[in-house]
Amino acid sequence: MTDAHVRNADDKGRLISPYGITGKLVRRVYDALEEGRSDEAVALVAPLHAADMADLLEQLPDAERGFLVENLGTSLEAETYTHLDDAVREDIIKNFDNATLANVVVELEHDDAVDFIESLEATDQQEVLEAMPAQDRVLLEASLRFPEESAGRLMRRDVAAIPSYWNVGQTIDFMRSDVELPSDFYLLMVVGPTLQPIGVVPLSRLLRTTRPIGIADIMETEIRSIPAQMDQEEVAFVFRQYGLVSAPVVDEHGRLIGVIDVDDIVNVIDEEAEEDLLKLAGVREDDFYDAVIDTIRSRFSWLLVNLMTAILASVVIGLFDAAIEKVVALAVLMPIVASMGGNAGTQTLTVAVRALAVKELTAANALRIIGKETLVGGVNGILFAIVIGVVATLWFGEPIIGVIIGVAMIINLLLAGVAGTVIPLALDRWGVDPAVGSSVVLTTITDVVGFFAFLGLAAWVLL
């Protein structure tokens with residue numbers, strides 16, 4: 001091997017990790033673009049997988065990102081757009097004409113094409129669809145008629161389907177023929193005369209069976225067909241619950257119209273988990289890449305709600321201003337009670353929201369879980385009441401102060417355990433996403449009750 005080959009291999013090893021891009025590669029590409037060495041930048045990113053290319057584009061500043069995309073031109077894989085954050089993708093394609101967008105969509109897998117199209121504005125969607133070949137347009141328009149975040153939007157249309165009266169030999173010959181089949185698939189869908197799925201055959205089983213054996217003899221008849229209208233969260237639950245790698249999607253008449261694979265479900269699970277996490281904090285998925293003014297606008301409403309709840313807590317404190325003026329220790333200690341209640345409630349809330357999402361928390365076991373969390377809150381309240389009671393007594397030299405804050409701690413942590421479970425359950429029952437409003441309601445309750453319990457007891461005992 002020549003010195004040049006060794007050097008290139010070493011450079012490549014240090015620039016491109018087996019599991020993604022490196023900071024050194026990003027810096028090299030950025031420096032090349034900034035200094036006008038576009039050919040070098042293009043050469044550096046040429047070996048990248050589409051997902052890694054998307055990561056690199058997201059890490060570049062806007063100007064350099066646009067310059068790289070412009071220089072890559074049609075050599076930029078269409079799949080790259082499917083891995084980009086929505087805000088970054090929107091920034092990249094905002095100057096693309098409809099013909100260019102149509103060419104990108106045509107190169108994508110059907111499910112990715114649907115996702116790309118639905119991210120566009122309504123007028124742009126129609127114009128891009130009109131610029132596409134008629135056959136592709138008809139299939140995409142049919143999928144876009146399904147509700148957002150449904151199985152119909154998630155599925156791919158190309159399906160490997162066979163009749164039940166074939167044998168293994170006929171099936172293998174069919175797969176080797178020139179007929180259009182999906183580029184990758186895990187199961188053969190066995191359909192009846194009316195195109196209703198009646199079984200599936202894993203490819204491994206097909207290849208290990210002799211040619212004369214009938215498909216009906218080796219197919220699995222216990223299948224989980226997914227209605228096209230089913231919400232993608234429900235689809236993800238079915239896949240997780242039954243360990244599926246692929247499942248047929250059927251229309252209202254039970255006819256096979258598509259298939260969903262596990263790789264699509266991994267994305268759904270990731271998106272739903274991320275969405276719930278961000279909602280708990282009142283931020284959006286593309287908040288990281290939004291312009292400053294857009295980020296300010298999106299966060300303002302949530303902070304305004306929190307301001308209102310903080311004012312409510314302050315009103316409660318104001319009711320006991322006379323007690324606070326006479327006993328300075330109350331002003332020092334009262335944040336502790338509210339803070340501990342909020343943190344304990346958040347722990348319970350996080351567990352409850354997650355359990356609701358994966359259907360582990362239901363009406364059938366709700367009372368048992370509420371009882372458990374109440375007990376946990378009560379026991380923790382007693383333990384921390386002892387700790388803070390001793391600390392307060394030693395700090396201020398007044399045992400009664402330690403007793404007051406200890407009792408208030410028990411009350412607030414007990415309530416935090418109940419509220420952290422009941423609030424998401426109630427919101428879910430009312431059709432509200434528990435991840436959206438639970439945290440602000442919980443914080444309000446633990447703050448108000450914490451302040452009221454501590455200051456109320458102090459006013460009653462000390463004054």
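About 40 Å³ of space lies in the largest cavity of this predicted model, where local features need pLDDT of at least 70, side-chain atom pairs count only at pLDDT 80 or more, and totals for chains, interfaces and linings use all residues. Residues are numbered from 1 along each chain as its sequence is written, and side-chain values use heavy atoms, with hydrogens and water left out.

**Exercise 1. State which residues line the largest cavity and which elements give two or more of them.**

Step 1. A cavity is a set of points on a 1 Å grid over the protein atoms alone where a 1.4 Å probe fits but cannot get out, and lining residues have an atom within 4 Å of a point.

Step 2. The lining consists of Arg 156, Val 159, Ala 160, Phe 185, Tyr 186, Leu 187, Met 189, Ser 246, Val 259 and Asp 261. Two or more residues come from each of S4 and strand S8 (256-261); strands (E, at least two residues) and helices (H or I, at least four) are DSSP runs, numbered from the N terminus.

Step 3. Sorted by class, seven lining residues are nonpolar, one is polar and two are charged.

**Exercise 2. Describe how strand S4 is covered and paired.**

Step 1. S4 spans residues 187-191, and five of its five residues are buried, meaning under 20% relative accessible area with a 1.4 Å probe, protein chains only (exposed is over 50%, partly exposed in between).

Step 2. In a regular strand the side chains alternate between the two faces of the sheet. In S4, Leu 187, Met 189 and Val 191 point one way, while Leu 188 and Val 190 point the other way.

Step 3. Strands pair if DSSP finds at least two bridges between them. Strand S3 (residues 161-163) runs parallel to S4 and is joined to it by three bridges; strand S5 (residues 197-202) is antiparallel to S4, with five bridges.

Step 4. Val 191 is the bridge partner of Pro 163 and stands opposite Pro 197 in S5. In the five residues between S4 and S5, Leu 195 takes a positive phi near 65°.

**Exercise 3. Work out which side of helix H5 is buried and what it packs against.**

Step 1. In H5 (residues 62-72), the buried residues are Glu 64, Arg 65, Leu 68, Val 69 and Leu 72.

Step 2. These residues lie on the same side of H5 because they cover an arc of only 135° around the axis, taken from the directions from the helix axis to the C-beta atoms.

Step 3. Asp 62, Ala 63 and Glu 70 are exposed on the other side.

Step 4. The buried residues pack against helices H2 (23-34), H3 (38-45), H4 (50-59), H6 (79-83) and H7 (86-93), contact being heavy atoms within 4.5 Å.

Technical notes. 1 Å grid on protein atoms, 1.4 Å probe; cavity = no way out; pocket = protein on both sides within 12 Å on 5 of 7 lines; lining within 4 Å. Points joined across faces, edges and corners; volume = space filled by probe spheres on them. Nonpolar A, V, L, I, M, F, W, Y, C, P; charged D, E, K, R; others polar.
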